[in-house]
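Here is a short walk through one protein model. Keep the sequence and the 3D view side by side as you read.

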Amino acid sequence: MEDKREIKAKKSQKKQVHLFYCVECEELARKVAAQSDLITLQSINWRNFADGWPNLYINSAHDIRGQHVAFLASFSSPGVIFEQISVIYALPRLFVASFTLVLPFFPTGSFERMEEEGDVATAFTMARILSNIPTSRGGPTSLVIYDIHALQERFYFSDHVLPLFETGIPLLKQRLHQLPDANNIVIAFPDDGAWKRFHKMLDHFPTVVCAKVREGDKRIVRIKEGNPAGCHVVIVDDLVQSGGTLIECQKVLAAHGAAKVSAYVTHGVFPKGSWERFTLKNGGNYLYSLNHIISSTSVFLLHIIFRKHGECFCQLLDHGFVPAHCQSHSK
C-alpha cells in the first residue's frame, strides 16, 4: 500500500484551481467544477451603482493568493464586456500563481477583414483589449478560446497573453459514433472556409463541400463536390447566426437525395430570436424550443427535419460544454 505521505504528496502535485465566472456562465461553471474535486468555485458580487455603472467585489480575494485562478467569461453582448474585463484585469493582480481566461466564444472573430478603407476590424480591437491583461505572478495569462472563426487571428494577440485554441469537434465525433446510423454518416461543409477549418479533424468521414454561387441577383448554395445520396448528412461549421446558410444547405442536400440532414455548430449565436426558424408551431406550441439553452457557450447538434410547405423543426440531439483546459487540471 502507498504511504499516506506519498498519497498526500501526489495530491499536492496536482493543481488546485479556483474558478470564477460571469453571471451567464454560472450553470456551466458548476458543471465544470463537478468534473473534478480539484476545481473550487469562487464567486463575484455583480452589482451596479444607481447610475448603472458596475459595483464589483471579488470574494475570497485573500484566499486566492498564490493559487491557480481561472475565469469563465461570456462576451455575449457589448453591454456585459466592461464589467467582465474589469474583473479579468483585477484577478491576476491579486498575487495569484497563474491566471487562465476561458472565453469559449470570441464574438468578433468574423470581423477580421478590411475590404475598404474605413472598415474597422473589431476582431483586432478585441484581441488588443485581451492582450493587455496584467501578468500574474506565474507569467502571462493563458487565454482559451473554442473554434475561433479564423486561426490566423492568433497573430492579433501580443506576447502578453498565451492564446490556446481548442475545438468542440471531439464532442461531435463522440456523439456521431453513438448514433444508430453511425456507419452512414457524411460530413457536409457549407463553404470552403468550413472545409479548411475542420476537414482534417473529420477526414475519416466521407465529405460533401457546398459553395455559394451568384445567380443573377441571388446567391444560392450548390454542391461543389461529394455525394449525399442515401446518407445521414451532418453540416459542420463554427457558428450559426440567422441560420439561413444551414437551411439553404439542407435544401440542396435533400434535393440531392440525403436521407437525413443534421447540423453541428460550436457556437449558436442566433441574434434577434432567429433560432425560431428551426422550430415548428403546433397549436401555438413549439414541439422543440431551444431558447432556454442557446447561449454563446453552447455546443449542440441539431437534427433538422423539413416537412411539407417548408415547415421545419429541430430536435436537440446533444448539448453540453466542458472546457477541456479546465478538465486538464485534474490530470
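Does phenylalanine 49 count as buried, partly exposed or exposed, and what is its relative accessibility? The model is a predicted one. In it, phenylalanine 49 has a relative accessibility of 47%. Buried means under 20% and exposed means over 50%. Phenylalanine 49 therefore counts as partly exposed.

Now place this residue. Phenylalanine 49 sits in the loop that links strand S3 (44–48) to strand S4 (54–58). It belongs to a nonpolar surface patch, together with Trp53 and Phe82. The three residues share about 380 Å² of accessible area.

Step back to the whole chain. It holds 8 helices and 17 strands. There are 331 residues, and 45% of them count as buried. The chain exposes about 17,600 Å². Carbon and sulfur atoms supply 50% of that area. Consider contacts between residues at least 6 apart in sequence: 64% of these join residues at least 24 apart.

Next, go inside. The largest nonpolar core has 44 residues. Within this core, Phe71 and Leu130 touch the most other members.

Helix H4 deserves a look of its own. Its buried residues are Ala123, Met126, Ala127, Leu130 and Ser131. Look down the axis of H4: these buried residues fall within an arc of 140 degrees, so they line one face of the helix. The general rule is that an α-helix has 3.6 residues a turn, so residues three or four places apart point the same way. What lies over the buried residues of H4? The cover includes H3, S6, S7 and S8.

Finally, turn to the backbone in two loops. Most residues other than glycine have a negative phi. Serine 60 has a positive phi of about 60 degrees, although it is not a glycine. Serine 60 lies in the loop between S4 and S5. Its relative accessible area is 28%, so serine 60 is partly exposed. Phenylalanine 95 also has a positive phi of about 60 degrees, and it is not a glycine either. Its place is the loop between H3 and S6.

Technical notes:
Residues are numbered from 1 along each chain as its sequence is written. This is a predicted model: local features need pLDDT of at least 70, side-chain atom pairs count only at pLDDT 80 or more; totals for chains, interfaces and linings use all residues. Side-chain values use heavy atoms; hydrogens and water are left out. Patches are made of residues with over 30% relative accessible area and no salt bridge: like charges are joined within 9 Å, nonpolar side chains (Val, Leu, Ile, Met, Phe, Trp, Tyr) within 5 Å. Accessible areas come from the Shrake-Rupley method with a 1.4 Å probe; for residues, only the protein chains shown count as cover. A salt bridge is a side-chain nitrogen of Lys or Arg within 4 Å of a carboxyl oxygen of Asp or Glu. Helices (H or I, at least four residues) and strands (E, at least two) are DSSP runs, numbered from the N terminus. Buried means under 20% relative accessible area, exposed over 50%, partly exposed in between (1.4 Å probe, protein chains only). A nonpolar core is a set of buried Ala, Val, Leu, Ile, Met, Phe, Trp, Tyr and Cys residues joined through side-chain atoms within 4.5 Å. The arc is that of the directions from the helix axis to the C-beta atoms. Contact means heavy atoms within 4.5 Å.
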